[in-house]
Amino acid sequence: MNAVAKESARALLFDSEWRLVFIKRTRPGQEPYWVAVGGGLEPEDADAEAALHREVFEELGGKIDGVRQVFLVTDELPEGVSLQHIFVARLVSMDPSQRTGAEFTEPGRGTYEVVTVPATSEAVASICLLPSRLSEFAQANLHGLLALLHQGERRPNRTGHCDLVRQLEQP
């Protein structure tokens, strides 16, 4: 079994009007693409959820609540396994003037535009959301993700999984 070489945390964020919040990336010489807010885990992060809170503040100047992990994207890399912890969360506040990080100060990295997209399968399908497995998951599970956020706090069962999350994972 390969070791974990890279870990990140990303969120399917819903704003106060229940629209999805993404980052539209435009890099020189490339077609624009969209990503869920988030990024790599750093040594000071207690866990993936802590990394997500840090990344939401860095990328949006934002705060989130209702955070639940709902999906895990894995990829085999030459140096080991890449894990992307995918969460669902509500964006409760955002102040773009508080954004920090090299992506906002180095012009060669392109632009990072905060955009909202209607929470419909058609709207998600109409953008180039990467990775493609996240796009497919979001399109197939939007109703369940919204229901999860609307229902409030659910405690995991004895196996450590929420019943609704298990339902979302079923084909």
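Strand E3 (33–40) gives the largest share of the lining of the largest pocket, 5 residues. Strands here are DSSP runs of E, at least two residues long, numbered from the N terminus. This is a predicted model, where local features need pLDDT of at least 70, side-chain atom pairs count only at pLDDT 80 or more, and totals for chains, interfaces and linings use all residues. Residues are numbered from 1 along each chain as its sequence is written, and side-chain values use heavy atoms, leaving out hydrogens and water.

**The largest pocket**
- About 530 Å³ of space lies in this pocket, and of the 22 residues that line it, the closest to its centre are Lys6, Arg10, Arg25, Val35 and Gly39.
- A pocket is an open set of points on a 1 Å grid over the protein atoms alone, where a 1.4 Å probe fits, with protein on both sides within 12 Å along at least five of seven lines; lining residues have an atom within 4 Å of a point.
- Strands E1 (4–14), E2 (20–26), E3, E4 and E5 each supply at least two lining residues.

**Strands E4 and E5**
- E4 (residues 62–77) and E5 (residues 80–94) run antiparallel and are joined by 13 bridges; strands pair if DSSP finds at least two bridges between them.
- A hairpin of 2 residues links E4 to E5.
- Phenylalanine 71 has isoleucine 86 in E5 as its bridge partner.

**Serine 82**
- Serine 82 sits in strand E5 and is buried, with a relative accessible area of 7% (buried means under 20%, with a 1.4 Å probe and protein chains only).
- Leaving aside residues up to four places away in sequence, serine 82 touches Lys6, Val73, Thr74, Asp75 and Leu77 (contact means heavy atoms within 4.5 Å).

Key. Helices (H or I, at least four residues) and strands (E, at least two) are DSSP runs, numbered from the N terminus. Grid points are joined across faces, edges and corners, and a volume is the space filled by probe spheres set on the points. Buried means under 20% relative accessible area, exposed over 50%, partly exposed in between (1.4 Å probe, protein chains only).
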